[in-house]
Amino acid sequence: MYAFEFTRPKTVAEAVAALAGEDAQALGGGQTLIPTLKQRLASPGMLVSLAGIAAMRGVSVAGGTLTVGGGTTHAAVARGAAAAFPALAALAGRIGDPAVRNRGTIGGSLANNDPSACYPAAVLAAGASVVTDRREIAADDFFRGMFATALEAGEIITAVRFPVPQRAAYAKFVQPASRFALVGVFVAKSAAGVRVAVTGASEGGVFRWTQAEAALAADFRPEAVRGLRAAAAGMIGDLHGSPEYRAHLVGVMTARAVAAA
Amino acid sequence: MPKDSGIGASIKRREDVRFLTGRGRYTDDINLRGQAHVAFLRSNVAHGRLRGVDTAAAAAMPGVVRIFTGEDFAAVGGLPCGWQVTGRDGQVMKEPKHPVLAHGKVRHVGDPIAAVVAETYEQARDAAEAIAVDIESLPAVVDMAAALAPGSALVHDDLGTNLCYDWGFIEDSKAAVAAAIAAAHHVTTLDLVNNRLIPNAMEPRVAVGDYNSASGESTLYTTSQNPHVIRLLMGAFVLGIPEHKLRVVAPDVGGGFGSKIFHYAEEALCTFAARALNRPVKWTAQRSESFVTDAHGRDHVTRIELALDRDGHFLAIRTSTLANMGAYLSTFAPSVPTYLHGTLMAGNYKTPHIYVNVKAVFTNTVPVDAYRGAGRPEATFQLERVIDKAAREMGIDPVEIRRRNFVDAFPYQTPVAVAYDTGNYHATMDKLVTIADLAGFEKRRAASAAKGLLRGLGLNCYIEACGIAPSHLVGQLGARAGLYESATVRVNATGGIVVMTGSHSHGQGHETTFAQVIADMIGIPEAQVEIVHGDTANAPMGMGTYGSRSLAVGGSAMVRAANKIISKARKIAAHLMEAAEGDIELKDGKFRVAGTDKSVDWGAVCLAAYVPHNYPLAELEPGLEETAFYDPANFTFPAGAYACEVEVDPETGRVTIDRFAAADDFGNIVNPMVVDGQVHGGIGQGIGQALLERAVYDANGQLLSGTYMDYAMPRADDLPSYVVDHSCATPCTHNPLGVKGCGEAGAIGSPPAVVNAVIDALHRGGHAHVTHIDMPLSPARVWAAMQG
């Protein structure tokens, strides 16, 4: 780790101000950033921890919308969303291990947008919106490819607003070493229709499988997607699976998510 | 009635109190006054010519004490290899120099180029990054077959080849084997890979060098399975320090699995630097360094042929293997694919003709050496996979084909040099059939099928040569060391006992089990016995712990020393009771005169030895301390039968191990609970190899599986609850305890059982075209195999 300055503001406004400084970097739960620093692959001048901002923590439900503070840990989401949005709670409860779940935050995960992270699938499938210190961004506009988002420099995710779906489930097939999603599919059915979001599979990061959405809008049963094939082109190929395997798993996991929803 | 003390008792491990409460003393816990820290600059290319190492800017950075490069080691030796293999042509193996710090060329990612000593580790690392290295990148030699092709780049230019040796075993058998295969009713052939593994001990390697300028004594604290071996190799061959001026201490060690047998560059560097700088010097591996510096394991590519008659009797076995040595010869690397592998190719079976060919190959990868099982898992995997394939081809039940070929009379002279002293392979198979509930398989298969899952059953039998090793034998085979073991038993004046053993516990539980043996022999509580190991300053010259040898060889030395103690104590007791020595019996910690009620207890005899007021001084020296060395007459041959049941998800290819049973014959058992633990750990490691672990290099020699994000270690939920049994005991015939060793069995016996089970599941599920899948059987590989 290289030397850096550290600050732990108590309010969003203080954090925004701190992040305006040169070489400043926001620190959520640190589950990606801290290992990166330890490997000397990043050298921010100032780390701005968001962990001290009480207003960014917690889960609340009002009028069919579940709101999760950007600094809320996965473990807190697993507890706080269990009644209102059990599919999201289940997803959060299976991220990493207890140490990760009690440190890592939803805002940190979304800002990083790891192509194998779980949360992006839930946010995209549920049609959630990402609330920042300066605006509200629809999920469809937020994810911009592997490790890329619509966030501007110094912009902080203060909350995520999920319209609670009528039926939903997340089916994750884990990569054996990291236990990130080799393929994860979040399926959400609401009055507006069906949305299917896939993480882990694509070189472009999380994406919506519109072909499955159309089929499931007509018939929300696993059988409706059995015959569908996601395209292997653009899928990730690595030690743990070929593009063809990942494309195949997209279909399998979609059917399993529908069955569980 | 289970025993609660002595040999055969499942008493809890005394060392766990300190391990589980954070009070162990590992090498990284050692911090000496005035200590400086080392960071290594390592090659990030697999193969290149070192054109320049400019340390000027780095040397001027804050806290830097000294920077060492390959030039500083020009006058000392390279890291030695402890085994010389002679090839088919009668020529000895190619043995390249292995410099402490790279000189001339870098030969694998992780090869150390410079060592920076600074006041803090962070300062050392900052300076290491500031060293300007000029490397002319060369084509990397990664694939073994390509490495042997004409025109390949050479890992060591001076050798003129990447072939270390071409070994035939037994060369004189080659023609007879070929004839038997040509004439056979059926020949089954299988091509397979034994996947390269990274050891991943929980504790990374650490070295702390110290130097006392007043006495001229160097001390190395290191994470080692064999401190005396390190003292000898580093002192005599690398740094030129005689044993009496060099102390090596291996305190608590958190796992080794073989990887901490070897002498590593970092140990020599820290010892050398401490003397050069006259201050302590410490290095602790980062986990990412462990991946590219700890010797890797396995990495064999093999073709095996099994010839059978029409009844499924084995007639001949022929194997051809490429074995990866990596960039340099690690300490015992040449022995692993040869004498620890070829000698085991008979397995549990009467196969009259066997021929093994191994070509060892240099590549631009981390050196490969012994890893839990070391050669024996590779032998067992080939043999038990080809047997399973043959059984399927010939329509013979997998239990039956094994039974039909079992060695059933002992001693048994194999056609691959070793002679099994004892065993009962039908008994272990009978036990397995029961504890694995093979009769209930069909019902379980139907239940799995109802869930949409394919269930399969895989069997495996193994034999291993442990209790390594008879020195005269290994000497003939190229070992440059003896493989005896030692112990000193020191009895204190009030009867307490300290045993200093040349064995080394790095998780095995010697402090408990060795104490049980001594306590049992004398009839005193275990609490009166302390086991000390790991310090060359107090233990007699010992060869350490590996090859499942500690109890069989180290325990035997300890028994010998204890028998000397008992013999002398009996004489003292006879004197005290004015009886004939021949009439004295030792039982329950008391010496009695046979047939009388006269007795003297252990403590009184010990006190008399140290306060010899009433003592036969004319015949006996005072004191009660004895040392013994034990060199085994033969290897020991643990054996067993394993069964694995898996469920395969046909949609995803994911394999789940549902049941695993192990029936082992370890001979006599000192502590059944400790043995259970050893078997559990070994099976877990074997399942890791079978389903999860694989070190992968790309074509440029970059390690793709260089972190836990890509190198899959087994976790608790990857493993089932095991059923283990070691009641089928045929005691070893040639050591005093009748013990055989249990440390490696699980890792040897489990991978073939897992793979056989998956292949069985696929066949039962209609995928008859799948005859083999290389390990690890990841979901992606199993799914791809099902696609055809």
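Two strands count as paired if DSSP finds at least two bridges between them. I start there, since strand pairing comes up several times in this talk. The model is predicted.

Take strand 18 of chain B, residues 454-463, and strand 26 of chain B. They run antiparallel, and ten bridges join them. One place to look is B:Arg455, which stands opposite B:Glu647 in strand 26.

Now the side chains. In a regular strand they alternate between the two faces of the sheet. Which residues of strand 26 of chain B point which way? B:Ala639, B:Ala641, B:Ala643, B:Glu645 and B:Glu647 point one way, while B:Gly640, B:Tyr642, B:Cys644, B:Val646 and B:Val648 point the other.

Next, a separate piece of chain B. Four strands make an open sheet in the order 21-20-19-25, with mixed pairing. The edges are strand 21, residues 529-533, and strand 25, residues 625-630, each of which pairs on one side only. From one strand to the next the twist averages 20°. Strand 19 of chain B, residues 485-491, runs antiparallel to strand 25 of chain B, and six bridges join the two. Within that pair, B:Ala487 has B:Ala628 as its bridge partner.

Helix 14 of chain B, residues 510-522, lies across strand 20 (497-501) and strand 21 of chain B, and runs at about 130° to strand 21. Leaving aside neighbours within four places in sequence, B:Ile518 is in contact with B:Ile497, B:Val499, B:Val529, B:Met558 and B:Ala562.

In soluble globular proteins, nonpolar side chains tend to be buried together. Here the largest nonpolar core has 333 residues, and B:Ile518 is among those with the most contacts inside it, along with A:Val187, B:Val38, B:Val116 and B:Val758. Helix 15 of chain B, residues 550-577, gives the largest share of this core, 14 residues.

Over to chain A. The domain assignment gives domain 1 as 5-49, domain 2 as 56-163 and domain 3 as 167-260. The C-alpha centres of domains 2 and 3 of chain A lie 19 Å apart. Their contact takes 20 residues from domain 2 and 25 residues from domain 3. Which helix gives the most to the domain 2 side? Helix 7 of chain A, with six residues. By class, that side of domain 2 has 15 nonpolar, four polar and one charged residues.

Last, the contact between the chains. Chain A puts in twelve residues and chain B 16 residues. Three of the residues on the chain A side come from helix 11 of chain A, residues 243-260, which is the largest share. By class, the chain A side has seven nonpolar, five polar and no charged residues.

That is the end of the tour.

Conventions. Residues are numbered from 1 along each chain as its sequence is written. Chains are lettered from A and ligands numbered from 1 in the order in which they are written. This is a predicted model: local features need pLDDT of at least 70, side-chain atom pairs count only at pLDDT 80 or more; totals for chains, interfaces and linings use all residues. A residue is buried if 20 or more other C-beta atoms lie within 10 Å of its own, exposed if 12 or fewer, and partly exposed in between; C-beta atoms are placed from the backbone. Two residues are in contact if their C-beta atoms, placed from the backbone, lie within 7 Å. Ala, Val, Leu, Ile, Met, Phe, Trp, Tyr, Cys and Pro count as nonpolar, Asp, Glu, Lys and Arg as charged, and the others, Gly among them, as polar. Domain bounds come from an automatic or database domain assignment. Axes are lines fitted to C-alpha atoms, for helices over the stretch in contact, and angles run from 0 to 180 degrees between N-to-C directions. A nonpolar core is a set of buried Ala, Val, Leu, Ile, Met, Phe, Trp, Tyr and Cys residues joined through C-beta atoms within 7 Å.
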